[in-house]
Amino acid sequence: MLGFLGRRIVSGVVLVFAITTLAFLLLYLGSGDIARRILGQTATQEQVTAKAHELGLDRPIWEQYTGWLGNALSGNLGRSWFSGQLVIDGVTNRLTVTLSLVIGATIITALIAVVLGVWAALAGGWVDRTIQFLTVLGMAVPGFLIAVALVVVFAINLGWFNATGYTSIADDAFAWARSVTLPIVALSIGGASAVTQQIRGSVVDALQRDYVRTLRSRGLSTRSVVFKHVLRNAVGPALAVLNVQFVGMLGGAVIVEQVFQMPGLGQLAVGATTQGDVPIVMGLVVTTAIIVIVVNLVIDIAQGLLNPKVRLA
């Protein structure tokens, strides 16, 4: 198990390095006359040249990259070109908002998928057809449309939840729950639909295996067979799909945060990309890459514990 973990950690570090290197080259080579954009069109050429020198943009790209990488390894991701705020502060201040949405949506997705997937596989008939129809519908409808519909029905018409804004759980737990419920539901529907389909298919396949017939012939109840044996085999592939959905939710959070006006990483990413604030965008790339690698590692460990063959891959 330690060798398995070591290989996954090394491959994760290499992947973060590759992602940040590629992102740096693309962003800095495409930053153009950023000094002019920071100072405005009324700035003189001398002021623009001095600003570019201050930012280090007049140095060779490899020199800029090695300087950025050295600082990043020591925890310094630089400062925003426009506000002067430390990148690490700007990212960490908003990280809790996005993580509360994505982690909450992942938990809801897993719970819904297990219940509906097992129910559809065991019940069959109209229950199975109805759940399959709903899951296809959930995957087909765009997340922002679901978010808007939830706001209209549950925030504006019924007034049960907040339409916009975010309250920290440290300030008021009940207000926090009202602010994150609709965004979490909006993020969960697409992911839950995909994972439900995966679990349903895995359970249906497992129920036709010889070992299940053997267990049933020994007098074990269907509930015991499913929850003690079938789900154990179905969870592995479902975890892989859930991992993909988690990454998709990180991207989907950008749109959902815009709809609900939440101060998360998505709102920061939109603002920084529009301005061309490359240090902020690089900070977001590093943060997102590390989150994805860590979640991927956790999923790999869970799969390795469930299925020893995975550790040999």
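Predicted model: local features only at pLDDT ≥ 70, side-chain atom pairs only at ≥ 80, totals over all residues.

Tutor: The UniProt entry, which is unreviewed, places the feature "domain: ABC transmembrane type-1" at residues 95-303.

Let us turn to how the helices pack. Two packed helices are described by the angle between their axes and the distance between the axes. Helix α10, which covers residues 222-259, packs with α12 at an angle of about 175°, and their axes are 10 Å apart. That angle makes α10 roughly antiparallel to α12, because angles over 145 degrees are counted in that way. Residues on the α10 side of this contact include Arg-232, Leu-239, Asn-243 and Phe-246, while those on the α12 side include Thr-288, Val-292, Asn-296 and Ile-299.

A second pair is formed by helix α5 (residues 87-123) and α11, which pack at an angle of about 135° with their axes 8 Å apart. These two helices are therefore oblique to each other. On α5 the contact is made by Gly-90, Val-91, Arg-94, Leu-95 and Thr-98, and on α11 by Leu-265, Gly-266, Gln-267 and Leu-268.

Between α11 (265-275) and α12 (278-306) there is a loop, and Asp-277 lies in it. Asp-277 has a relative accessible area of 2%, so this residue is buried, the cut-off for that word being under 20%. The side chain of Asp-277 reaches the backbone nitrogen of Trp-81 at 3.0 Å. Leaving aside residues up to four places away in sequence, Asp-277 touches Ser-80, Trp-81, Phe-82 and Ala-272.

Finally, we can look at the aromatic rings. A search of the whole structure finds four aromatic pairs. In one of them, the rings of Tyr-65 and Trp-68 have their centres 6.3 Å apart and their planes at 25°, so this pair is stacked. Both residues belong to helix α4 (residues 61-73), and because they are three residues apart there, about one helical turn separates Tyr-65 from Trp-68. Tyr-65 is buried, with a relative accessible area of 12%, and Trp-68 also counts as buried, at 10% relative accessibility. Ring pairs link these two residues with Phe-24, so that Phe-24, Tyr-65 and Trp-68 form a cluster.

Notes
Residues numbered from 1 in each chain as written. Heavy atoms only, no water. UniProt positions renumbered as here; feature names shortened; annotations may be inferred. Helix = DSSP H or I, 4+ residues; strand = E, 2+ residues; numbered from the N terminus. Buried < 20%, exposed > 50% of the residue type's maximum accessible area, 1.4 Å probe, protein only. Polar contact = N/O pair within 3.5 Å; in protein donor to acceptor, adjacent residues only side chain to side chain. Contact = heavy atoms within 4.5 Å. Phe/Tyr/Trp six-rings, centres within 6.5 Å; stacked < 30°, edge-to-face > 60°. Axes fitted to C-alpha atoms, helices over the stretch in contact; angles between N-to-C directions. Parallel < 35°, antiparallel > 145°, perpendicular 65-115°, else oblique.
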